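Hi everyone, thanks for making time.

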Amino acid sequence: MQTPKIVILTGAGISAESGLSTFRAQNGLWEGHNVDDVATYQGYLRDPIGVHNFYNMLRNKLQNPEVKPNAAHFALAQLEQTLGSDNVLIVTQNVDNLHEKAGSKNIIHMHGELLKVRNEKTGQILDYYQDVNYEENKLIRPHIVWFGEMPLQMDEIYDALSNADYFISIGTSGNVYPAAGFVQMANQFGVKTVELNLEPSLGENLFQTKIYGPASQVVPEYIKKFI
Ligand code: APR
């Protein structure tokens with residue numbers, strides 16, 4: 001049998017059991033903050049220091065040694081090791097680094113990364129682990145795709161989807177486009193579509209296979225068929 005090509009979309013649900021909050025679990029608030037304030041460019045212009053404080057807090061949280069990959073992240077890393085990086089691509093909406101920590105290599109962070117910042121003028125992207133001090137440097141912003149901004153590496157994602165055998169969506173509610181539209185595109189390309197989530201997502205009807213339960217259980221169980 002030929003090695004299958006697999007594109008995996010992950011969302012906040014895969015990291016929930018690692019202690020990171022999902023977005024839509026608490027009345028539309030993200031860690032107690034209004035999304036318009038902390039996840040739009042307009043919010044950043046209104047209060048750059050407040051927005052940096054928010055991402056500084058998240059960056060610190062992510063670097064807490066207690067925040068570790070869970071069995072779902074490790075299972076996906078094992079899948080890549082078994083089938084090869086050419087055959088397994090993780091497209092994550094998450095800005096955490098838990099896929100990397102688990103050992104995955106072929107990852108696209110379509111919504112940016114918490115441990116990176118970007119120079120607004122030059123576009124240069126830097127690894128960044130400490131607090132941003134806006135008073136000292138007014139040009140650096142979080143390397144995060146905010147609402148109304150273009151997600152990253154879309155051409156590569158569409159290319160991979162069009163060549164895939166499987167599209168597996170894990171831990172995402174299907175509220176945010178373009179990621180929420182990948183399943184439809186995969187169906188059009190004749191790709192097998194699979195949803196692994198705690199509960200049915202908004203796009204539930206578009207998936208051919210659906211398995212519901214905590215990611216740490218359903219992901220390792222499902223990927224056994226490829227290993
Ligand atoms: N295992 C599997 N799924 C889970 C778990 C778990 N332990 N816990 C929660 N979930 C599911 C929820 O049922 C929900 O369907 O994960 C999904 C999380 O959905 P959201 O919070 O909406 O997160 P996500 O889909 O990643 O959000 C997309 O929205 O706010 C923006 O840019 C942000 O990348 C984010 C995007």
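Let's begin with some sorting: Ala, Val, Leu, Ile, Met, Phe, Trp, Tyr, Cys and Pro count as nonpolar, Asp, Glu, Lys and Arg as charged, and the others, Gly among them, as polar. By that scheme, the shell around the ligand holds 7 nonpolar, 11 polar and 3 charged residues. There are 21 residues around the ligand, and those that come nearest are Gly11, Gly13, Thr22, Gln93 and Ser173. Being near here means having a C-beta atom, placed from the backbone, within 6 Å.

A word on what you're looking at. This is a predicted model, where local features need pLDDT of at least 70, side-chain atom pairs count only at pLDDT 80 or more, and totals for chains, interfaces and linings use all residues. Numbering runs from 1 along each chain as its sequence is written.

Helices (H or I, at least four residues) and strands (E, at least two) are DSSP runs, numbered from the N terminus. Now find helix H4, residues 48-62. Which of its residues are buried? They are Val51, His52, Phe54, Tyr55, Leu58, Arg59 and Leu62. Looking down the axis of H4, the buried ones fall within an arc of 155 degrees (taken from the directions from the axis to the C-beta atoms), so they line one face of the helix. By buried I mean 20 or more other C-beta atoms within 10 Å of a residue's own; exposed is 12 or fewer, and partly exposed is in between.

What do they pack against? Among the partners are helix H3 (41-46), strand E6 (112-119) and strand E8 (140-144). E8 is mostly covered, with 4 of its 5 residues buried. E6 and E8 pair in the antiparallel sense over 4 bridges; pairing takes at least two DSSP bridges. Val117 sits opposite Pro142 in E8.

Next, Leu9, in strand E1 (residues 6-10). Leu9 counts as buried because it has 27 C-beta neighbours inside 10 Å. Beyond four places in sequence, its contacts (C-beta atoms within 7 Å) include Val91, Ile170 and Phe182.

Most residues other than glycine have a negative phi, and most peptide bonds are trans. Gln153, though, has a positive phi of about 55 degrees, and lies in the loop between E8 and helix H7 (154-162). Then there's the peptide bond from Tyr177 to Pro178, which is cis, with omega near 5 degrees. Pro178 is in the loop between strand E9 (166-170) and helix H8 (182-188).

Terms used. The expected span of a helix is 1.5 Å times one less than its number of residues. Two residues are in contact if their C-beta atoms, placed from the backbone, lie within 7 Å.
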